[in-house]
Amino acid sequence: MNMEELARRQAELDARLTQLEDIEAIQKMTYEYFDCVTLGKTERLIDFFAGDCAFVIPRGRIEGKEAVESYLSELCGWHTGAESNFLIHPIITVDGEHAHGHWLIYFINTYYLTSQPVFVTASMYDNQYVKMNGQWKFKEVHWIMRFGPPSPPPFPGCHGRKMVGDADLRGFGDPLKQASKPR
């Protein structure tokens, strides 16, 4: 093997290593994001998103960092912090500073007083990522509900830490009108 072939081989290996490191970084970032969602750490959630981000839900598209932050704050209000999620089957492709990831998540929702499991939801996520200043961020999150309760959160018996009010958070039918909730 001459020096030119050795240099080409080294460049190929470097590119493969970079791609594997990027895939690992995207997986880690996505896991951290879902931990924050589950635990209701809303103050950290928007840090996972690019400035020109979008969040696609069954009722439509939410665009821009400020609108996505508002949506996530309301969405996380119904989490009790005792749920469990299983984020599985990541299929991630990287193309330079952009990537696509497909995930499946099973979410075990719990009763807020006892933390007992109440029901399971399943969703798919098709995400677009962008690398900014060496960090991977969500460019677009596309949430596709597979099965679960036919109403928006907070689900009956699964009230989270704060009142959600009239928000139609997932786009299932009319807004839920919640009169009160235990604190």
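## A walk through the strands, rings and pocket

Let us begin with two neighbours in this predicted model: strand β3 (residues 84-95) and strand β4 (residues 98-110) pair in the antiparallel sense over 10 bridges. To see the pairing for yourself, find phenylalanine 86, which stands opposite tyrosine 106 in β4. The hairpin of β3 and β4 has 2 residues between the strands, and there glycine 96 takes a positive phi near 70 degrees.

Now stay with β4 and look for another partner. Strand β5 (residues 117-132) runs antiparallel to β4, and 13 bridges join the two. Here histidine 100 stands opposite glutamine 128 in β5.

Next, turn to the aromatic rings. A pair of them is described by the distance of the centres and the angle of the planes. How many aromatic pairs does a search of the whole structure find? The search gives 11. One of them joins tyrosine 31 and tryptophan 103, with ring centres 5.5 Å apart; their planes meet at 80 degrees, so the pair is edge-to-face. This pair links distant parts of the chain, since tyrosine 31 sits in helix α1 and tryptophan 103 in strand β4, 72 residues apart. Are these two residues buried or partly exposed? Tyrosine 31 is partly exposed, with a relative accessible area of 34%, whereas tryptophan 103 is buried, with a value of 0%.

Phenylalanine 55 and tyrosine 71 form an aromatic pair too, and this one is tilted: 5.2 Å centre to centre, with 50 degrees between the planes. It also links distant parts of the chain, with phenylalanine 55 in strand β1 (residues 49-57) and tyrosine 71 in helix α3 (residues 65-76), 16 residues apart. Both phenylalanine 55 and tyrosine 71 are buried. They belong to a cluster linked by ring pairs, whose members include Tyr33, Phe34, Phe48 and Trp143.

What about the cysteines? Cysteine 36 is buried, with a relative accessible area of 2%, and cysteine 53 is buried at 1%. The structure holds 0 disulfides.

Finally, let us look for open space. Rolling a probe the size of a water molecule over the atoms shows where empty space is left. The largest pocket holds about 220 Å³ of space. Which element supplies the largest share of its lining? That is α1, with 4 residues. Both α1 (3-39) and β6 (135-147) supply at least two residues each. Among the lining residues are Lys28, Glu32, Arg44, Phe48 and Trp136. By type, the lining divides into 4 nonpolar, 2 polar and 5 charged residues.

Conventions: Residues are numbered from 1 along each chain as its sequence is written. This is a predicted model: local features need pLDDT of at least 70, side-chain atom pairs count only at pLDDT 80 or more; totals for chains, interfaces and linings use all residues. Side-chain values use heavy atoms; hydrogens and water are left out. A disulfide is a pair of cysteine sulfur atoms within 2.5 Å. Buried means under 20% relative accessible area, exposed over 50%, partly exposed in between (1.4 Å probe, protein chains only). Two strands pair if DSSP finds at least two bridges between them. On a 1 Å grid over the protein atoms alone, a cavity is a set of points where a 1.4 Å probe fits but cannot get out, and a pocket is an open set with protein on both sides within 12 Å along at least five of seven lines; lining residues have an atom within 4 Å of a point. Grid points are joined across faces, edges and corners, and a volume is the space filled by probe spheres set on the points. Ala, Val, Leu, Ile, Met, Phe, Trp, Tyr, Cys and Pro count as nonpolar, Asp, Glu, Lys and Arg as charged, and the others, Gly among them, as polar. Rings of Phe, Tyr and Trp (its six-membered ring) pair if their centres lie within 6.5 Å; planes under 30 degrees apart count as stacked, over 60 as edge-to-face and the rest as tilted.
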